[in-house]
Amino acid sequence: MRRFNGVLHGQLWRPLLVLAAIVLLLPWFIPTPYIFTILILIGIYSLITIGLSLLLGYAGQISLGHAAFFGIGAYVSGILTAKYAISPWLAMVIGVIVTWVISYAVGMAILRLKGHFLALATMAVNIIFYILILGLDEWTGGASGLVGIPGLSLFQLNLGQPLYFYFFVWSIVLVVIVFSTNIVRSSIGRVLRSIHDSEIATEMLGVNVAKYKVAIFSLSAVYASLAGSLYAHFISFIAPPSFYITFSILLLVMVMVGGVHSIWGAVLGTAIIMFLNEWIRYIGQTYFQISGQVEIVVYGFIIIVVMMFMPKGLVDVFERLWRKIASARIKEVEKRKIAAERGDLA
Amino acid sequence: MRVIGFMKKTVKKRLWFTLLAAVFLFGMAGCGGQGATQTSGGSNNKEKIVKIGVIIAETGPASTLGHTQVNTVKLMQKQLDQQGGINGTKVQLIMQDYETNDTKAVIAMDKLISQGVAAVIGATQTSTTMAILPKAVQANIPLLTIAPVTTDKENVYALAHSSTTVISPIVEYLVKHNIKKVAWMNARDAFGVIGLPAFKELAKQNGIEVVAHEEFDATASDMTVQLTNIRKANPEALIVWSRTPGAGIVARNFKSLGFTIPMLQSTAAANKGFIEQVQGNSDNIFVVGSKLSVADQLPESDQKKRLLAFRDLYAKEYGEEPDLFAAHVYDGIQLLIEAVKAGKTTANDIRNFLNNEIGEYPAVAGTLDLTKPLNGPKADGLTVLRIENNQWKYQQQ
């Protein structure tokens with residue numbers, strides 16, 4: 001029990017319970033597979049943005065190349081299952097291991113860089129990966145894409161069913177959230193935050209900064225790889241354009257909008273951007289008769305607004321609101337106490 | 001004190017603003033959900049409505065192909081609305097722009113299935129078609145494809161020419177001119193890479209040898225390196241498999257390097273954009289295109305009437321000529337209108353109708369044999385075109 005308390009430290013169980021409740025209740029209100037697809041994609045993308053939040057928000061290292069790690073997971077899963085008929089679960093684990101090795105090697109080299117240079121280097125990783133999957137067409141199917149990726153099934157349960165897959169993906173998200181918040185709270189998390197604030201000062205304290213940076217980079221890559229495997233099995237077809245830099249940038253936008261400094265912000269940002277996309281399209285088509293990539297303009301506007309007025313992201317707004325309610329309640333209690341004491345005196 | 005008060009005020013203001021923004025965002029998210037469910041329940045009106053989904057790249061890199069397709073859908077919807085219903089049934093075309101993004105196409109497909117479409121036409125690109133295909137098969141909805149695909153699934157009807165069909169006029173041309181050594185160049189994208197395997201097979205049967213093969217990036221802006229490599233192999237003709245603008249850039253580099261051998265291009269180059277790119281440098285360039293581009297130069301026939309009917313209709317509305325990609329969408333919509341005319345309004349009925357009742361159908365792109373729905377249209381809609389005075393020129397076979 002004490003250990004359990006340790007894992008669900010502090011008040012973590014509260015937001016976790018809220019999210020779990022939302023996940024459990026949503027299917028009752030959603031009759032269409034269309035919204036399910038979006039919810040599943042939100043879950044899958046959340047895995048990547050949680051990793052990015054650890055990397056960007058806690059360790060302060062930027063990555064414009066996470067679409068590549070997403071792609072490595074997707075392609076390893078896809079190729080092993082579609083071409084060699086290996087069990088999808090085993091393929092997923094192999095994908096994670098491959099991604100870990102690659103990201104560790106890449107991270108050792110590029111995480112020496114800082115700021116813009118790091119951003120450019122991670123971008124280069126993404127471009128190299130893109131060219132590789134285009135060129136290695138014997139395995140990846142090249143530009144025509146990889147077809148025939150089987151669906152997942154778990155203990156006779158066909159996860160090809162959107163409802164089951166939805167619960168499956170979101171339970172993974174919940175586990176990843178618990179895992180990540182615990183990392184943040186551990187001594188590793190504290191080191192990461194101190195790297196974020198001052199790398200030199202952290203080094204002065206005798207901490208091997210490089211080790212921590214590479215480790216967290218690999219962890220976020222592994223999350224992305226896991227998401228990639230799920231994506232491949234869900235869509236059952238993958239092609240190179242899904243893993244280009246534009247997707248890496250979209251992921252960053254999600255994290256920024258939600259709030260870089262919070263794991264919850266990543267999930268919130270992902271959900272908002274995904275729904276926003278559909279909503280803008282719907283409004284644009286029905287009321288203004290415009291179609292096309294209007295959302296890009298709106299994204300830009302939102303990023304400006306968020307950066308100007310809510311630099312800590314949307315999640316910060318909710319947190320402040322919650323604190324306000326809580327402090328109001330405390331004040332109320334105190335007032336009553338005082339009133340009661342006065343009553344006693346009288 | 002005052003300063004503190006002021007600060008408090010601004011903080012408060014800010015908090016309100018952010019709150020408003022948050023509420024606004026969530027409202028929007030809610031709207032998105034509602035919008036989808038609303039439309040899905042709206043089919044119980046007194047007038048019967050048949051919904052047909054169309055998934056097209058209206059924006060993004062593939063919009064060069066999607067542009068005329070979008071126009072065609074709008075044109076056909078306008079025409080359908082003017083006619084009123086067909087036997088009391090209204091045909092509604094629901095168009096989805098997938099922004100040249102496969103994931104968005106899959107979402108669009110789910111959206112269409114949620115809205116209860118009876119059939120889906122799409123998508124603009126080959127790879128995207130492969131992405132939405134499993135969904136269509138799973139939902140048991142007929143999928144009319146408008147990009148070349150290779151699949152063995154039932155329920156799929158190919159309206160675009162297979163690579164082999166497109167290549168057959170080229171091989172005929174080569175045989176006629178006694179060309180035995182050719183060089184091959186293609187873009188490294190889904191359209192570019194499917195040509196060569198089909199060509200190699202046909203070439204082998206006719207004793208034609210591929211002496212050089214070069215690839216270029218679909219977004220590249222200079223191909224002289226590849227062309228220089230090709231020159232070394234000394235081919236008697238060059239075949240290029242690429243969409244525009246790549247196709248046009250190759251043609252321009254080809255001229256500036258002083259090649260004198262004929263260059264043959266694919267159906268993806270048979271559009272206005274290509275002519276504009278090669279302006280004035282069009283000798284020795286041949287393009288496999290639809291007879292649609294030269295409909296007025298064709299000898300009198302039913303096919304000519306059919307092609308002219310579509311071309312004139314389109315040209316009258318948009319002041320430009322339709323291309324083969326538009327023709328595929330047009331054929332798809334026409335086929336489904338035929339089904340509705342025969343009183344078939346559900347996915348199952350339409351499938352049975354397409355499988356069993358149509359047989360041979362004279363489409364704009366070429367004759368379709370729906371007893372073999374995956375073969376695509378025959379080569380009778382295609383021809384090798386020349387460019388003369390910035391116009392397509394039909395060559396008597």
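**View 1. Domain centres in chain A.** In this predicted model, the C-alpha centres of domain 1 of chain A and domain 2 of chain A are 41 Å apart. Domain 1 covers 11-267 and domain 2 covers 315-346; such bounds come from an automatic or database domain assignment. Residues are numbered from 1 along each chain as its sequence is written, and chains are lettered from A, with ligands numbered from 1, in the order in which they are written. Because the model is predicted, local features need pLDDT of at least 70 and side-chain atom pairs count only at pLDDT 80 or more, while totals for chains, interfaces and linings use all residues.

**View 2. The annotated span of chain B.**

View 3. Domain 1 of chain B consists of 48-161 + 305-378, and domain 2 of 163-295 + 383-394. Their C-alpha centres are separated by 28 Å.

**View 4. Contacts between the domains of chain B.** In chain B, 20 residues of domain 1 are in contact with 18 residues of domain 2 (C-beta atoms, placed from the backbone, within 7 Å). On the domain 1 side, helices H2 (63-83), H4 (126-139), H10 (302-318) and H11 (324-341) of chain B each supply at least two residues. The largest share, three residues, comes from H10(B).

Terms used. Two residues are in contact if their C-beta atoms, placed from the backbone, lie within 7 Å. Helices (H or I, at least four residues) and strands (E, at least two) are DSSP runs, numbered from the N terminus.
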